[in-house]
Amino acid sequence: MNPSAPQEKRILLIGFVTLILFFLILPTLMVIPMSISETRYLVLPPKGFTLKWFLQFFTDPRWLGPTLLSLRVALFSAVLSVVLGTLASLALVRGRLPGKRVIYIMLMSPMMIPVIVIGFAAYGMFVRFHLIGTTIGIVLAHCIICIPFSVVVISANLQRVDISLELAARNLGASARQAFFRITIPSIKPGIFAASLFCFVESLDELIMTMFIIGTTKMTLPLRIFTEIRFRISPVIAAASTVFVIVATLAIVISTYIDKKK
Amino acid sequence: MGKVQDKPILSLTNLKKIYGDYHAVNDVSIDIHGGEFITLLGPSGSGKTTVLNMIAGFEFPSDGHIIFQGQPIDLLLPEKRNIGMVFQNYALFPHMTIFDNIAFPLKMRRVNKAEIIRLVAEVLDLVELGDYADRKPDQLSGGQQQRVALARAIVFDPPLLLLDEPLGALDKKLREQMQIELKKLHTRLKKTMIFVTHDQEEALVLSDRIVVLNHGKIEQIGPPNELYDNPTNEFVAGFIGESNLLKGQVRSSESDLAVLKLDDGSEHKLELPGQVRSGDKVCCCLRPEKIILVDDNHTDFHLTGVLEDTIFVGETKRYTIRIGNKTLLNAREMNIRNKVGPKPGDRVKISWEPESIKLIQSTSI
């Protein structure tokens with residue numbers, strides 16, 4: 001802080017920053033009071049206190065099924081995206097291949113192209129391979145969105161790992177494979193962890209791609225919330241959202257904690 | 001050459017490394033004998049690290065051969081070579097303890113556990129870090145990390161040790177201390193060591209022989225004193241130690257006196273070594289400490305000049321003397337007698353022992 005800055009200016013700055021933080025976080029926090037209201041519809045401020053909407057969320061197959069599917073999809077998407085992202089990062093950072101820049105941009109493109117376009121395009125492709133309505137189809141669709149994140153995080157991490165560590169391992173008698181698993185992977189563990197978390201959360205709340213690929217028989221959690229809000233304005237939506245917020249917050253807390261420990 | 005040394009432990013023959021049309025290493029041939037401490041000395045971009053990387057197997061030569069213990073290893077994978085290496089930044093594995101770092105090459109060689117514990121303890125003792133086995137690398141100082149890197153490179157008893165500017169990251173005092181330790185270690189282990197540095201002083205202190213590299217080519221190979229006293233060319237004369245160069249054309253030469261016309265146009269009568277003929281273009285090298293300032297009444301002197309500047313550095317005095325029109329010579333004198341020296345602007349006479357002046361190849365003639 002500049003000590004010579006006039007007091008009023010500082011107060012103004014603090015006020016402005018506080019306002020932005022509230023703007024970012026307040027709408028999210030609203031779902032918490034809404035989830036404990038005794039009313040059968042969403043109200044704010046809540047009337048009374050109950051946890052029955054949470055109970056319903058965790059027991060009603062209409063909610064439980066999509067939640068489990070979403071978790072399963074998120075897990076597979078995270079694993080697949082991180083494995084592929086790690087391999088791509090290795091090629092981009094360590095490899096001697098021509099047109100690295102072009103490959104990087106192609107890998108990043110899902111981040112820049114509107115998801116609705118990718119979803120529509122993927123639909124056309126997936127129909128041919130009979131992937132519409134399958135879990136694997138949803139996982140693959142989510143990977144399109146997740147892989148760029150995974151590559152960004154892991155390649156940034158890999159760039160900071162001194163290449164001479166791998167050379168040293170080779171010099172000391174490790175094969176290329178041994179050097180990779182014993183030296184490279186442990187060195188980029190923070191990146192792999194962060195990317196896993198990121199991809200997991202990204203897949204968990206993905207909606208647009210899912211809508212194209214999911215077909216008519218399956219339902220993910222975000223899609224359930226979306227349909228519920230259109231037809232029934234039940235507080236279970238708020239309860240589900242609250243669970244979402246808690247899980248996401250926990251994930252952020254854990255990752256910052258691990259980051260700090262490094 | 002002695003009988004024991006007849007077969008070199010490592011031979012580089014006509015080694016080349018070409019990237020596109022850039023010759024990083026151009027026709028390098030060296031024979032290195034068992035137990036030798038060889039330094040590859042050169043500025044950055046001279047190809048010294050590329051040579052080392054080819055010996056280690058991190059790069060493959062574009063042409064030429066590397067013969068190690070009688071076997072060609074040009075295309076052998078690095079893990080099959082059994083050559084120790086200390087990296088510039090140590091390259092200790094940050095996620096492993098000191099013990100695990102040093103045990104790594106032994107584990108790769110499937111040495112049994114008891115033997116690993118014994119060997120690691122032995123080598124940790126050697127580098128005086130016995131109490132640090134359970135620490136992580138980032139809990140050690142730079143000098144300690146350096147010693148761990150050394151321990152890891154010798155624990156599997158490789159016949160050849162490569163050192164890539166291992167002292168570069170240390171401060172001056174620690175570096176000098178490590179130089180002494182390295183020298184002791186070399187005498188004790190009797191291992192062949194190839195040391196890479198751009199620091200000529202370090203090279204002079206440590207080496208049995210120095211290979212001076214420039215633009216991927218060998219400029220000169222020889223023991224430190226030979227390179228210092230008898231540089232064959234301008235690059236070596238300038239890179240190792242300080243030197244004064246007198247460049248010009250021989251005007252006339254009779255008996256042992258020649259008239260040399262310097263590039264600045266002035267003419268001087270002086271003794272030149274070797275056979276020079278009228279019309280020859282020559283480059284003479286004269287080390288600053290070999291120049292003697294003689295008293296004015298002396299008649300036995302080689303050149304006269306004007307003192308431009310004196311710098312007092314404690315144990316020595318440094319003089320800048322202008323001879324001719326604009327040729328400057330640096331001279332150094334030990335500060336032994338507390339005599340009042342000449343002042344700037346004074347005319348001075350300078351002299352040197354006849355064998356101190358050398359004719360060398362010039363790059364610009």
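1. In chain B, the axes of helix α4 (residues 142–154) and helix α5 (residues 172–189) come within 11 Å and cross at roughly 20°, where axes are lines fitted to C-alpha atoms, for helices over the stretch in contact, and angles run from 0 to 180 degrees between N-to-C directions. The two helices, α4(B) and α5(B), are therefore roughly parallel to each other, a term that covers angles under 35 degrees. The crossing of α4(B) past α5(B) is right-handed, that is, the near helix is turned clockwise from the far one by less than a right angle.

2. Please bear in mind that this is a predicted model, in which local features need pLDDT of at least 70 and side-chain atom pairs count only at pLDDT 80 or more, while totals for chains, interfaces and linings use all residues. Residues are numbered from 1 along each chain as its sequence is written, chains are lettered from A and ligands numbered from 1 in the order in which they are written, and side-chain values use heavy atoms, with hydrogens and water left out.

3. On the α4(B) side the contact (heavy atoms within 4.5 Å) involves B:Gly143, B:Gln146, B:Arg147, B:Leu150 and B:Ile154, which meet residues of α5(B) including B:Leu174, B:Met178 and B:Glu181. The residues of this contact between α4(B) and α5(B) divide into 7 nonpolar, 2 polar and 2 charged.

4. In chain A, A:Gly137 has its place in helix α6 (residues 135–160) and, at 0% relative accessibility, counts as buried, the cut-off being under 20% relative accessible area with a 1.4 Å probe and protein chains only. Leaving aside residues up to four places away in sequence, A:Gly137 touches A:Phe126, A:Leu131 and A:Ile213.

5. Strand β12 (residues 257–262) of chain B pairs with β13(B) in the antiparallel sense over 5 bridges, pairing requiring that DSSP finds at least two bridges between two strands. B:Ala258 stands opposite B:Leu270 in β13(B), and B:Gly265, in the hairpin with 4 residues between these strands, takes a positive phi near 100°.

6. Strand β1 (residues 10–19) of chain B pairs with β2(B) over 7 bridges, and B:Ser11 has B:Asp31 in β2(B) as its bridge partner.

Technical notes
Angles under 35 degrees count as roughly parallel, over 145 as roughly antiparallel, 65 to 115 as roughly perpendicular and the rest as oblique. Ala, Val, Leu, Ile, Met, Phe, Trp, Tyr, Cys and Pro count as nonpolar, Asp, Glu, Lys and Arg as charged, and the others, Gly among them, as polar. Buried means under 20% relative accessible area, exposed over 50%, partly exposed in between (1.4 Å probe, protein chains only).
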